[in-house]
Amino acid sequence: MELVENLFGAFLGDHCLWWFLGSILAVLACGYFAVPLLLWTIVIGILLVGWNASTSVLLVFAVLAVIFNTPLRKVFVSSLVLSLFKKMGLIPKISDTERTALDAGVVWIESELFSGKPNFKRILNEPYPKPSADEQAFIDEKVDNLCSMVDDWKYWEERQLTPEAEERLRKDKFFGMIVPKEWGGLGFSAIANSEVVAKSSTRSGALGVFIMVPNSLGPAELLMHYGTEAQKKKYLARLAIGDEIPCFALTEPTAGSDAGSIKSNGIVFKGEDGKLYVKLNWNKRWITLAAISTLLGVAFRMRDPENLLGKGEDVGITCALIPTDTKGVVIGRRHDPLGVPFWNCPTQGHDVIVPIEEAVVGGLDGCGKGWGMLMDCLTAGRGISLPSQAAGAGKYVSRAVSAHATNRKQFGLPVGKFEGVEEPMARIVGYTYIMEACRKFTAGSIDSGVKSPVITAIAKQYNTEMLRKVVNDGMDIMGGSGISRGPRNTLAHAYMTLPIGITVEGANIMTRTLIIFGQGSLRAHPYAYKEVSAVESNDLSGFDKAFWGHIGFIFTNLTRSLVLSLTRGRLVMSAPGGPLKRYYQKLAWTSATFAFMSDIAMGSLGGALKAKGKITGRYADILSWMYLATCVLRRWEAEGRMKEDLPVVEFAVTHALHEIQNAFDGIFQNLPVPGLSWLFRGPIRLWSRFNAISGQVSDKTSHKVAQLIQQDSEQRDRLTEGVYMSTNPDDALARLDNAFKMVKKAEAIEKKIKKASKQKVLPRGRVSALIDLALEKAVITPEEHQTIKKSEEMRLDAIQVDDFSQEEYLHHRG
């Protein structure tokens with residue numbers, strides 16, 4: 001210590017080493033705790049005096065202190081900065097459609113994750129609802145009844161649901177889950193809607209699609225929020241009972257992810273009766289249910305050459321509801337999306353004439369407001385439908401594959417005991433836990449009235465991507481049983497369906513690289529969008545407040561990131577106690593680094609940032625995995641902190657943090673920062689790899705996770721709750737699961753035989769060769785002998801695969 005003091009003493013002259021260290025600590029403390037500017041001014045003043053600053057330095061500081069702590073700052077500094085921003089184009093240009101998307105919905109807990117200092121108490125107090133008693137009764141009875149009427153293999157072979165199943169959908173109001181009760185619907189909550197989609201999808205993915213589409217973006221959703229009273233009276237009750245089959249036509253050959261570039265058009269004109277009409281032409285594709293729809297929603301660009309509406313010639317994107325028997329509407333053909341037998345279709349409109357007041361959603365007032373309607377309604381549906389289907393499918397795969405891994409034996413052991421199988425098995429369980437946590441937490445936010453475009457985009461993108469990995473891992477474990485199609489197969493159809501969920505409701509590539517961070521960096525950031533708005537509106541006062549708040553925000557997060565990196569997050573006092581405390585601390589550390597690095601990206605790239613998809617994709621990964629880790633932690637709390645679930649929770653959060661670490665490494669290596677790229681690519685990246693937020697999930701944890709799902713336990717049933725289980729023993733999943741249960745029952749008996757063999761009561765050998773002798777020597781009872789025989793019979797039956805004659809094979813339609 002004396003040597004250090006001597007070295008610093010030589011460098012600092014007459015000043016004390018402790019004053020130097022105290023100065024550093026004072027600056028770090030002010031930054032870490034985000035003290036007000038006035039307190040900063042006082043602290044810096046004290047430090048300058050303590051360092052014996054010259055009178056001229058103190059005078060300059062005093063002048064700056066007065067300027068920056070009074071309205072003079074706005075006049076002499078902020079006005080110059082605002083002018084510089086406008087001249088240099090430092091603020092990204094936002095189109096009208098982008099602004100509408102940004103203004104749609106609200107900001108939720110993504111603002112906490114973007115803050116650098118997440119409020120975990122607030123997050124853990126966010127709603128985590130369950131279906132009501134009536135809703136749960138519907139799920140347990142009506143959904144199970146519907147599922148019992150659907151055979152997924154026959155559905156694929158015959159390419160359509162049975163008339164009985166379609167009638168059940170109508171009779172039990174599956175198409176009217178979101179329609180309020182006063183209009184004849186079920187009036188379900190988002191969580192109940194989610195549960196129905198998830199469970200029905202475990203019976204058949206195509207069935208899940210059939211149910212989810214009328215309850216997502218479409219006529220019913222648009223009418224409830226924006227329709228006139230006359231439109232609601234005309235359609236909602238009929239939609240609720242399936243007398244009207246809805247669809248919504250948005251996508252076109254030249255407008256996919258860039259839905260704002262639609263070419264479909266409608267020309268306003270006045271009819272001979274004095275009413276206003278619109279003549280529509282469209283060419284849409286990939287429209288679910290279009291071929292069998294009776295009410296077609298269509299998005300188009302409305303033009304008013306004579307300005308009859310008083311809104312100018314280009315009125316804007318508009319939504320209309322058109323009966324499909326209207327002259328000029330073309331439906332009836334369908335696409336073939338990878339053989340999956342749900343209705344996905346093209347539709348065209350040729351000079352379709354409809355009255356504006358009756359057809360346009362919202363009547364005359366709704367003209368030109370379609371894009372805002374779509375963005376608002378898409379947010380809720382995107383957060384429910386596909387995330388729920390993915391979570392349900394994940395639970396289905398968990399149950400089917402864990403049963404197969406127990407039933408299938410090689411080298412005398414269930415394949416699920418091999419480490420090479422344990423690794424993908426653990427991923428299946430861990431990813432499914434994340435998907436289910438995300439499904440419930442996101443639906444809970446929607447039920448509480450919060451519809452966040454960023455959060456629902458995360459739920460859609462990452463749940464469907466995780467399902468892709470889950471099904472691929474399941475196929476690897478099931479091997480030949482997975483690839484052999486037929487009534488016994490449990491995974492092939494899920495595998496074939498996967499790319500559809502990845503593609504629809506915003507292709508995942510675009511969602512990750514454009515929406516999540518592109519919108520999140522503006523919407524969730526406490527100052528960025530305010531700065532953009534202030535520059536565009538030339539609002540000096542607003543800019544002054546936002547800009548200097550932003551400067552303070554950057555320094556605070558720089559300080560917090562540095563301190564938390566050096567302490568590995570251990571200084572985070574707000575982290576909830578318990579076995580998961582370190583994960584909360586690491587999330588706070590992540591949040592601070594993410595917030596600071598986001599500002600670095602926005603500052604160095606400016607308006608060019610949204611074109612840097614590789615960079616924004618990595619930022620999206622960090623924001624998304626923070627949210628997913630938060631979902632997992634919230635789920636564990638909501639479910640009563642179950643100790644037996646800790647291995648799965650630890651797997652899930654560790655994986656999330658490891659994904660975050662990988663994304664940070666990619667950013668440090670590739671982010672172009674003028675004059676400082678070397679710093680991020682060299683020392684900072686090296687430090688990040690040395691001081692990683694998290695490594696990979698340990699083999700010990702993955703072993704625990706893989707084995708717990710292979711036990712016939714309450715925990716396995718709970719982790720796969722919501723999977724439809726048929727009472728038909730010949731059902732594919734039921735056959736696997738029944739055999740699994742019998743095999744687990746026989747395992748305890750087999751242990752008695754193995755023990756007797758070790759004690760030389762029985763000779764050495766495989767259990768299957770010793771069971772008769774074990775009965776003869778009274779090692780096992782006759783009932784136990786019968787159990788082992790039955791389990792082996794069921795096990796062998798469960799691992800069989802389908803085969804066909806040449807004639808049968810040639811008549812496959814799947």
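A crossing counts as left-handed if the near helix is turned anticlockwise from the far one by less than a right angle, and as right-handed if clockwise. The structure here is a predicted model, where local features need pLDDT of at least 70, side-chain atom pairs count only at pLDDT 80 or more, and totals for chains, interfaces and linings use all residues. Residues are numbered from 1 along each chain as its sequence is written, and side-chain values use heavy atoms, with hydrogens and water left out.

**Helix pairs**

Helices here are DSSP runs (H or I, at least four residues), numbered from the N terminus. Axes are lines fitted to C-alpha atoms over the stretch in contact, and angles run from 0 to 180 degrees between N-to-C directions. Under 35 degrees is called roughly parallel, and over 145 roughly antiparallel.

| Helix pair | Angle | Axis separation |
|---|---|---|
| H17 (residues 370–407) and H19 (residues 453–478) | about 20° | 8 Å |
| H12 and H13 (residues 205–212) | about 155° | 6 Å |

That makes H17 roughly parallel to H19, and their crossing is left-handed. Sorted by class (Ala, Val, Leu, Ile, Met, Phe, Trp, Tyr, Cys and Pro are nonpolar; Asp, Glu, Lys and Arg are charged; the others, Gly among them, are polar), the residues in the contact of H17 with H19 come out as 15 nonpolar, eight polar and two charged.

H12 and H13, on the other hand, are roughly antiparallel, and H12 passes H13 in a right-handed crossing. Contact means heavy atoms within 4.5 Å. From H12, Val196, Val197, Ser200 and Ser201 take part, and from H13, Gly205, Leu207, Gly208, Ile211 and Met212. The class tally for H12 with H13 is five nonpolar, four polar and no charged residues.

**Ser194**

Ser194 also sits in helix H12 (residues 190–203). It is buried (under 20% relative accessible area, with a 1.4 Å probe and protein chains only), at a relative accessible area of 0%. Leaving aside residues up to four places away in sequence, Ser194 touches Ile384, Ser388, Arg439 and Ala443.

**Aromatics**

Rings of Phe, Tyr and Trp (its six-membered ring) pair if their centres lie within 6.5 Å, and planes over 60 degrees apart count as edge-to-face. That rule gives 28 aromatic pairs. Tyr527 and Phe553 are an edge-to-face example, 6.0 Å centre to centre with 65° between the planes. Tyr527 lies in the loop between H22 (508–523) and H23 (528–537) and Phe553 in H24 (residues 540–567), so the pair ties together parts 26 residues apart in sequence. Phe553 is buried at 10% relative accessible area. There's also an aromatic cluster formed by Phe68, Phe85, Phe543, Phe547 and Trp548.

Notes: Helix = DSSP H or I, 4+ residues; strand = E, 2+ residues; numbered from the N terminus. Buried < 20%, exposed > 50% of the residue type's maximum accessible area, 1.4 Å probe, protein only. Parallel < 35°, antiparallel > 145°, perpendicular 65-115°, else oblique. Phe/Tyr/Trp six-rings, centres within 6.5 Å; stacked < 30°, edge-to-face > 60°.
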